[in-house]
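Student: Hi! Could you walk me through this model before I set anything up with it?
Tutor: Happy to, let's have a look together.

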Amino acid sequence: QVQLVESGGGLVQAGGSLRLSCAASGRIFSIGTMGWYRQAPGKQRDLVAAITRGGDTNYADSVKGRFTISRDNSKNTVDLQMTSLKPEDTGVYYCNVEHGVLRSYYWGQGTQVTVSS
């Protein structure tokens with residue numbers, strides 16, 4: 001019933017920037033927290049950044065000062081602006097959306113981000 005479409009991933013050199021976008025569609029009328037998770041090769045999927053409907057943000061220590069998460073509640077989208085990218089930022093980035101009423105969660109298909117040195 002709910003689909004998350006991610007875009008913006010790709011290959012970038014160290015020090016470069018990328019902007020990831022995620023759009024939620026389907027039968028969802030109230031969205032709570034939205035976030036981005038990353039799964040690096042051989043590692044678990046960890047939180048990169050999250051933002052509540054009211055605009056409160058939470059970042060992984062490794063990306064503080066370099067990444068910025070934002071959302072547009074009227075469009076049901078969440079973006080992740082990534083700057084000063086490092087090879088350690090490489091991984092598959094997944095969009096995550098919380099249903100504001102049912103308290104269930106939805107995942108995007110993931111988009112690959114590769115940072116070369």
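**Strand β8 and its partners**

Tutor: This is a predicted model. Let's begin with strand β8, residues 77–82, which is mostly covered, with five of its six residues buried.
Student: Which way do β3 and β8 pair, parallel or antiparallel?
Tutor: Antiparallel, over six bridges, with β3 covering residues 18–26. In that pairing, Ala23 stands opposite Thr77 of β8.
Student: And how many bridges join β7 to β8?
Tutor: Six bridges, and these two strands run antiparallel. Strand β7 is residues 67–72, and its Phe67 stands opposite Met82 in β8.
Student: What's in the hairpin of β7 and β8, between the strands?
Tutor: Four residues, and Asn76 takes a positive phi near 55 degrees in this hairpin.
Student: Ok, zooming out. How many helices and strands does the chain have?
Tutor: Zero helices and eleven strands.
Student: Why does a radius of gyration of 14 Å agree with a compact globule?
Tutor: Because a compact globule of 117 residues would have a radius near 13 Å, and this chain has 14 Å. The C-alpha trace spans about 45 × 25 × 25 Å along its principal axes.
Student: What share of the residues is buried?
Tutor: Buried residues are 42% of the 117. As for the surface, the chain exposes about 6,200 Å², with carbon and sulfur atoms supplying 47% of that.
Student: Switching to charges, how many positive and negative side chains are there?
Tutor: There are 12 positive and 9 negative ones, and the centres of the two sets lie 3 Å apart.

Notes:
Residues numbered from 1 in each chain as written. Predicted model: local features only at pLDDT ≥ 70, side-chain atom pairs only at ≥ 80, totals over all residues. Heavy atoms only, no water. Rg over C-alpha atoms; globule rule 2.2 N^0.38 Å. Buried < 20%, exposed > 50% of the residue type's maximum accessible area, 1.4 Å probe, protein only. Areas by Shrake-Rupley, 256 points an atom, 1.4 Å probe, with all protein chains shown as cover. Lys, Arg positive; Asp, Glu negative; His and termini not counted. Charge placed at Lys NZ, Arg CZ, Asp CG, Glu CD. Pairing = 2+ DSSP bridges.
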